[in-house]
Amino acid sequence: MAGLLAGRMEREIASEKSNSIKATVPLLILFGSQTGTSEKLARDILKQSKVQGCDSRVLDASAFATIDWKKETNLFVVTSTYGDGDMPDNAQPFWDWLQTEAVNSLAHIRFSVLALGDTNYEHFCAAGKKIDARLEQLGATRIHPLAECDVDYEAKAKSWMISALGVLTSATEPETSLSISATAAEVESGVEKYSKTNPFPARLLTNHKLSGEGSAKETRHFEISLEGSGLAYEAGDALGVYPTNCDALVADVLHALGFDGEEAVPTPSGGELPLRKALTTTFDITKPSPDFLKKIAERNSTLRELLGPGRAEDLRKWLWGREVIDLLITETELHFSPGEFVSILKRLAPRLYSISSSPKAHAGQVHATISVVRYDSHGRGRKGVASTFLADRVGEESHVPVFIQPSHGFRLPANGDTPIIMVGPGTGIAPFRAFLHERRSMGAKGGNWLLFGEQRAATDFYYREELEKMRADGHLTKLSTAFSRDQQEKIYVQHRMAEQAAEIWAWLQDGAHFYVCGDASRMAKDVDAALHSAIATAGNLTGEKAAEYVTRLKSEKRYQRDVY
């Protein structure tokens, strides 16, 4: 017994000494995140950095002003890109600061950047690239190359994490047992919790059309059971859905390739699947990947020219309404082996939808409000992969693979007495339906103002009965609508904001939080401009002072956006 205790004591002392010696490398990890993915990765890096002996901490990029930069020596930045190559909302102030003289020199700092993006967009990983280049310009030392991650980011992010930490800590053996897909915190009793890498096979309970007869759109309300999943969410989070491709489109692709679908092909996870199943469940066969375009361009001179420098906008226009099948049909002389073909396709990525339910009001369920994509182009009917998967292909005998994507930067105010203004045109109404149900369940007394817009009131007033009932009983304090096609001159939510600038200012002065959900490329920018204008006009402020006011709203988490 004495020997056993002595041995244990020696091990504990050795462990303490090891920890005291190892935990000497300071590390600041900043994240810029719109949906929460970058924050999750930053916290994964935090866990692993501590294992490898770092005295590390994670901060939201918006907290840059609280940092004594003269004392920092090592910096990792994890950031996504959203919209047209823009910074995430919480990283914009940090980026603005990096452009000023206040930053002086960062020559004493060593850094590395992990950038998240989507190669379907022109400005892939633009936010991370900008920060990486600017840090170098300011004299900081890049200790590990920038990593540019696509939507299928896990493997590349893990590789960057292990390598960057290995360089930082000068570890001889940086490889560890940590897996981003299943960290110790995600494993309980040897069973991995349901997550993005292990989605829950959920039952679809409800699928009904919200848009009326004659609408130019097909918008649907979906209710999905989470019973038995252990998944939990908060109002403001997003629902991740793993879709499958349309069987008819898979058949067309196989026919164009001259394959029967039984050929075995490798998958990104390292296994093998019959080609038909792989094209159905694993690979994106709608939007052509950059590698696929390069291959087609070997024989297609038009595409080859469009892939040249300075032609990005022309390429985007040419590709609109064209899918993988169109290029396969056009270039019939270009031949692939089954394995070669899947190697130049992107992985079929999950789709994220703003949750339109409250866990308090809809226990055991999660709701989504989705516009179903269907249109014709170049002589073919097109279908949105995930939206038609939910609308058409999920039946009583099949399931919907789902996970919860936390949106840490899109939350209701902690104090229920705080008023909120919500701008959610189209399916952007989704999180605000969740907010309204959540605040009713909590007994929140703060005012609720919703600005909603769509094409026509008669066919596109989503959740009209619910909203009008809430308006009648006083829970929805104010409902402002903008139906663009109900009059000759188009009216949008930003026009309603201009009309009611004085009331918006009064609500903000009373402490209101301002929320926006929907399209990032146009609507969110127009609403942002309208907010600046309303504050300047009603607050009798200069444009510069109005901008400072908006910046303060953002820093106080009173201006939050869920835009895509």
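Tutor: Asn120 sits in the loop between β4 (110-116) and α4 (126-137). Helices here are DSSP runs of H or I with at least four residues, strands are runs of E with at least two, and both are numbered from the N terminus. This is a predicted model, in which local features need pLDDT of at least 70 and side-chain atom pairs count only at pLDDT 80 or more, while totals for chains, interfaces and linings use all residues. Residues are numbered from 1 along each chain as its sequence is written, and side-chain values use heavy atoms, with hydrogens and water left out.

Back to Asn120. Its relative accessible area is 25%, so Asn120 is partly exposed. Buried means under 20% relative accessible area, exposed means over 50%, and partly exposed lies in between (1.4 Å probe, protein chains only). Setting aside neighbours within four places in sequence, Asn120 is in contact with Lys287 and Lys346. Contact means heavy atoms within 4.5 Å. Ser56 is 64 residues from Asn120 in sequence and 34 Å from Asn120 in space, C-alpha to C-alpha.

Now the charge pairs. Side chains of opposite charge can pair when their charged atoms come close. The structure holds 34 salt bridges. Each one is a side-chain nitrogen of Lys or Arg within 4 Å of a carboxyl oxygen of Asp or Glu.

Arg43 and Glu39 form a salt bridge, at 3.1 Å from N to O. Both belong to helix α2 (residues 37-51), four residues apart, or about one turn of the helix. Arg43 is partly exposed, because its relative accessible area is 38%. Glu39 has 10%, so Glu39 is buried.

Other pairs reach further along the chain. Asp152 and Arg347 form a salt bridge, with the closest N and O atoms 3.7 Å apart. That pair links distant parts of the chain, 195 residues apart: Asp152 is in the loop between β6 (147-149) and α5 (154-169), and Arg347 is in the loop between α12 (338-343) and β15 (351-354). Asp152 has 35% relative accessibility, so Asp152 counts as partly exposed. Arg347 is partly exposed too, with a relative accessible area of 35%.

Asp252 and Arg380 also meet in a salt bridge, at 2.9 Å from N to O. This pair links distant parts as well: Asp252 lies in helix α6 (residues 247-257) and Arg380 in strand β18 (residues 380-383), 128 residues apart. Asp252 is partly exposed at 32%. Arg380 is partly exposed at 22%. Elsewhere, salt bridges link Glu218, Arg220, Arg374 and Asp392 in a network.

Next, a charge without a partner. Asp528 belongs to helix α19 (residues 523-538). Asp528 is buried yet has no salt bridge, and the nearest side chain of opposite charge, Lys554, is 4.5 Å away. Lys and Arg count as positive, Asp and Glu as negative; His and the chain ends are not counted. Beyond neighbours within four places in sequence, Asp528 is in contact with Tyr559 and Arg561.

Last, the surface. Arg456, Arg485, Lys490 and Arg522 gather there in a patch of positive charge. Patch residues have over 30% relative accessible area and no salt bridge; like charges are joined within 9 Å, and nonpolar side chains (Val, Leu, Ile, Met, Phe, Trp, Tyr) within 5 Å. A charge is placed at NZ of Lys, CZ of Arg, CG of Asp or CD of Glu. Arg485 sits in the loop between β22 (478-483) and α17 (493-499). Arg485 is partly exposed, because its relative accessible area is 31%.

Terms used: Accessible areas come from the Shrake-Rupley method with a 1.4 Å probe; for residues, only the protein chains shown count as cover.
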